[in-house]
Amino acid sequence: MEDPGARTAADEPRSPWLRPGFVLAAAFVGFVTVVAGVVVLASDPAGQDDAPSGSRLSADRPASRASPPTAGDDRCPELPDKRQELPTAAPRGVTWSLFGTVAVPASEESGPAVIGEDVARCYARTPVGALLATSQISVRYLAADDWRKVTRLQTVGAGRDTYIAGRTEAEKKSPTDPDGGVHGQIAGFRFVTYDDSTAVVQTVWRFPDGALQAATTTVLWRDGDWRLEYPADPAAPIPVGSLAGYTEWGGV
């Protein structure tokens, strides 16, 4: 296997997850496969800031209690979360469920309010909504069966079309190997910057050998929802020695 820290070939898009610890260096093989187990965590309902609740099994949940759009209507329902304060602890009211083998977070208060087989959309225009959006979209645009749909609907930026074209070409040459990736799960986060149109978040991923890596992602408020920015030259994840300085947060 080639050096995973090397730049990808010219005909391969440079996703932040095509880096050490996210997938093997071979073009687009494996994507975000993880060791997830069967137990996922549910935190306390929103507004309860005392001790967290225990764990329970959770499947992909239906849309939140906010009224979803009617059939054929792509508008998002209004969500209850209006809080603009940056979270200083793990957000309450978050339930973790498995997307494939990746634990992803959701909240009735903050979104996603509309969940299909591959696309999870409609997030609150708040810090927690942005955090949930980057967590969900970052996994789904890589791991979804219909990754093109997720990428076209939920990412923006100069690198998006290059990613779609490069991955499409790579998949013609090499079939996806579901066991080929390096395993990881969300372990923590911290906000770099936030306003109601742009959120920059560092997410820490933990791998089976205990290694931690922090990836910086940006979500932008576009057309009534948060979209993941895919820049022309994404920054590489960086190794971190611990969760010091981050808020511990994860479903596995």
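The model is predicted, so local features need pLDDT of at least 70, side-chain atom pairs count only at pLDDT 80 or more, and totals for chains, interfaces and linings use all residues. Residues are numbered from 1 along each chain as its sequence is written, and side-chain values use heavy atoms, with hydrogens and water left out.

**Helices** (H or I, at least four residues, taken as DSSP runs and numbered from the N terminus)
- Helix α1 covers residues 127-143, and its 17 residues reach 24 Å from first C-alpha to last, close to the 24 Å expected at 1.5 Å a residue; that expected span is 1.5 Å times one less than the number of residues.
- Since 16 of its 17 residues are buried, α1 is largely enclosed by the rest of the structure; buried means under 20% relative accessible area, exposed over 50%, and partly exposed in between (1.4 Å probe, protein chains only).
- Over in α3, the buried residues are Y163, I164, G166, R167 and A170, and what covers them includes α1 and α2 (147-154).

- β3 is mostly covered, with 5 of its 6 residues buried.
- Strand β4 (residues 102-107) runs antiparallel to β3, and 6 bridges join them; strands pair if DSSP finds at least two bridges between them.
- L98 sits opposite A103 in β4.
- With 2 residues between the strands, the hairpin has G100 at a positive phi near 65°.

**A loop residue**
- R75 lies in the loop between β2 (55-56) and β3 (94-99), and it counts as exposed because its relative accessibility is 63%.
- R75 and C122 are 47 residues apart in sequence and 8.3 Å apart in space, C-alpha to C-alpha.

How values were computed. Contact means heavy atoms within 4.5 Å.
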